[in-house]
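Let's take a walk through a protein model together. Have the sequence and the 3D view open, and turn the model as you read.

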Amino acid sequence: MDIWSWISDLPNSDELNYSKLTFQLASSSPSSYKNNDSTQSIHLRAERTLGSNSEPSVVFSVCLRGFKCSSSSEDGDEKIIWSSDTCPLTSDEDKPTFLPLVLQLLQEIVTRAPNAHDSTCPRSQLQKLKPEPVSWILDSHSPESFSSFFSLIFLTRLFWTCVCDAPSEVGSFYFHSMLTPNLEGFSCKHAPVLRNFFLTVGTDVELCFVRTFGYMLAKWLILKDVEAGLKSLTLLPSKNLGFSYAVESHGLWILKGYSPVKSMQCMQSSSGQKNRQFPGVIEARESLLKYALAHQQLEAVIQLEYTVRFFDNFIQVNARVDNIRIHVVKLGFKNNSDNDQNLADEKHFPSRIRVWVGPEIGAGYVGGLSLARSTDNTEREMEMQKTLKGITSGNSKVPSVTETAKMATRTKIKNWRCEQDVEGNAAVFDATLCDNTTGVEIATWRPPVGGGGVMGFNFRGRYTGSGRPFTKSGGLIFAGEEYGEGVGWRLSKEMEGSVLKWRIGGEVCVSYLPNDVASSYYETRCIEWCDEVDLPLIPSKT
C-alpha cells in the first residue's frame, strides 16, 4: 500500500486539473462477505481546489464504495468519511510539499490516543505538534523510506474513522482488508522512520502513538479470537506485535520496547487445561476478565550507563544498570463504568527480566569480560534452645531428668532475586520475582488444578501495603542503588578511534494471578527484543 508515492506524483499530474483522482486503499470480492452482492472498497480521493491565497491546492477524502451506508449518499454509491484540510501543491523553501497533510494526520492521532487507566497526565492535553520536527523527517528521508511511515500513520488515523465512527460493516472490512495485510508495518524493522520520529518528537508524543497502536492491535487480536472460536474453537497463533528500538545518548544505552500483552508468546496458561476438557466453554465472568486483560500493553525502558577509559595497552569499557522501568498499562478511555472499576486492579505484572549487552557476535577484539556480582550465597540464621526438666518422686531415690530442644531457622528472602551471568562475550543481568514466603519463582509456578492456590499474601492485594513488590500502579523500577554493580570488557588498543556496534537486548515476562476477583485463571507471557547501539571509542581532547 504505497500511498505516499501516489500523493507525491500529484503535483506533476495533468489529470488533476480537470478530474478527481482516486487511489484504492483496499477492496473485497462479493463472496468475501455474506448478504452482499457488490464489491466493497475504500478509496483515497484527491480533488484540485484553490487555497486561501489562490495558490493551487488539493483536498484529500476517504470514500466508501459498495457498503450499505454508502448506497443512500448524495454521490450515489460513494460516501465520504474523512476529509483533509487544504494542502498547497507547491512547496516553500521551509515547508515540504504535503507537510500540512502529514501534520493533520499526526495531530488527529495524538488527540484521539487512549490513556492509561491510572494516568495522571492525559496526553490529550498536549499542545499542537511543532512543524519543524515533522518537516525534518520529511526532508531527511527518501520517499521510499518515508512511504512505510506514512502508510502506518494513515492506517492508524483510519482506524478511528472506520472502526469507531462508521457502521460495523466498515469496521469489519477495515480489520480484514486493511489492517491484516499490513501488520508487518507494526515493527521498527519495517518502519525505520518511526524510530527517528519518536526520537525527534519526544516521549510524550511517542506514548500517544504506541498506545494507539496497542489499542488497535488489541482489538484485532480479540476479533481473531472470536472468529476462531466461532469457526473451530481453537485460538489462532499470534506473533509478537509492537515496537522496539535502541539508541546511544549521552553515555547511556537505551532500549525501549512496547507490545500488547495478548500478542506476547504464552508460556503457560490455565486456558490450555480447561480447553482440553471442555473446548469452547468459557464462563461469562472469565470472558469479561480476559477481555479486560486483552486491553493491556507492556512498556519497557532499559537504560545502561557505560564509560570508556583508555590505558597504554588496552581500552576498558564498563557498563552498569542505570534504570530498568517496566509498566503494564491498561489501554482505554475512562468511563467509570462498574465493570471497569471492578477489574481496575486485574492486570499482568512483571515476573522476570533479562537484559544482555555486549559486542557483536564474532568480535575478536575483546580480551576479557568481568562481572561484579557473585552468585547469591543465602545466609541462614539458626537458633537452638534447650530446656532441662527434673522430676523427683517420693518413692525413688534417683531423680528423672527430661531434656527438650527447639530449633528455629531464619532465612531472608527478597521479592526479587538479581543475578549476573554471561553468554559468550555478552553480560547478562537477570531479575526473577519470587514469593517471599516460599521462594518459588512466580514466572514458572502453576497453581493447583481446581484453584485454591495463591501462594503468598503479596499476590492478592499485591498493589497495596508496604511489602508490595511493585509500585502503586503495578510497575517495576530497578535503579542504580538496587542493581548498581557493573560489568567490564577489556578491548584491544587497536580499536581506538573507531565506533563499534554493540548488541543490547531484553526479555520480559509478565504473569497474571487473580488480585481481587474470584477466578482460577492464570498465565505467563514473554517477549524478547534485540537491537544495536553505538560504542564510540574516541578519546576526548582534554
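**A tour that starts at a disulfide**

The torsion about the S-S bond of C509 and C526 is about 100 degrees, so this disulfide (a pair of cysteine sulfur atoms within 2.5 Å) is right-handed. C509 sits in strand β20 (residues 499-512) and C526 in strand β21 (residues 523-536), so the pair ties together parts that are 17 residues apart in sequence. Helices (H or I, at least four residues) and strands (E, at least two) are DSSP runs, numbered from the N terminus. The two sulfur atoms are 2.2 Å apart, and a search of the whole structure finds 1 disulfide.

Before going on, here is how to read the values. The model is predicted, so local features need pLDDT of at least 70 and side-chain atom pairs count only at pLDDT 80 or more, while totals for chains, interfaces and linings use all residues. Residues are numbered from 1 along each chain as its sequence is written, and side-chain values use heavy atoms, with hydrogens and water left out.

Are C509 and C526 buried or exposed? Both are buried, where buried means under 20% relative accessible area, exposed means over 50%, and partly exposed is in between (1.4 Å probe, protein chains only). C164 is in no disulfide, and its nearest cysteine sulfur, that of C162, is 9.7 Å away. With a relative accessibility of 43%, C164 counts as partly exposed. C63, in contrast, has 0% relative accessibility and counts as buried.

Now step back and look at the whole protein chain. It holds 10 helices and 21 strands. Of its 542 residues, 47% are buried. The accessible surface comes to about 27500 Å², and 48% of that belongs to carbon and sulfur atoms; these areas come from the Shrake-Rupley method with a 1.4 Å probe, and for residues only the protein chains shown count as cover. Contacts (heavy atoms within 4.5 Å) tell you about the fold too. Among contacts with a separation of 6 or more, 71% are between residues 24 or more positions apart.

Next, find strand β12 (residues 349-359), where 10 of the 11 residues are buried. Two strands pair if DSSP finds at least two bridges between them. Which strands pair with β12? One is β20, the strand that holds C509, and it pairs with β12 in the antiparallel sense over 10 bridges. Another is strand β17 (residues 426-433), also antiparallel, over 6 bridges. Follow V357 to see both pairings: its bridge partner in β20 is I504, and its partner in β17 is A427.

Charged side chains come next. Side chains of opposite charge can pair when their charged atoms come close. A salt bridge is a side-chain nitrogen of Lys or Arg within 4 Å of a carboxyl oxygen of Asp or Glu, and a search of the whole structure finds 15 of them. In one, the closest N and O atoms of R65 and E78 are 2.8 Å apart. R65 lies in strand β3 (residues 56-65) and E78 in strand β4 (residues 78-83), so this pair ties together parts 13 residues apart in sequence. R65 is partly exposed, at 27% relative accessible area, whereas E78 is buried, at 12%.

D225 is buried, with a relative accessible area of 18%. Elsewhere, salt bridges link R352, R354, E423, D430 and E507 in a network.

In α3 (residues 131-140), the buried residues are P133, V134, S135, I137 and L138. Their cover includes α1 (3-8), α2 (99-111), α4 (143-164) and α6 (192-201). Helix α5 (residues 168-179) has 12 residues and should span 16 Å at 1.5 Å a residue, the expected span being 1.5 Å times one less than the number of residues. Its end C-alpha atoms are 15 Å apart, which agrees. Buried residues of α5 include F173, Y174 and L179.
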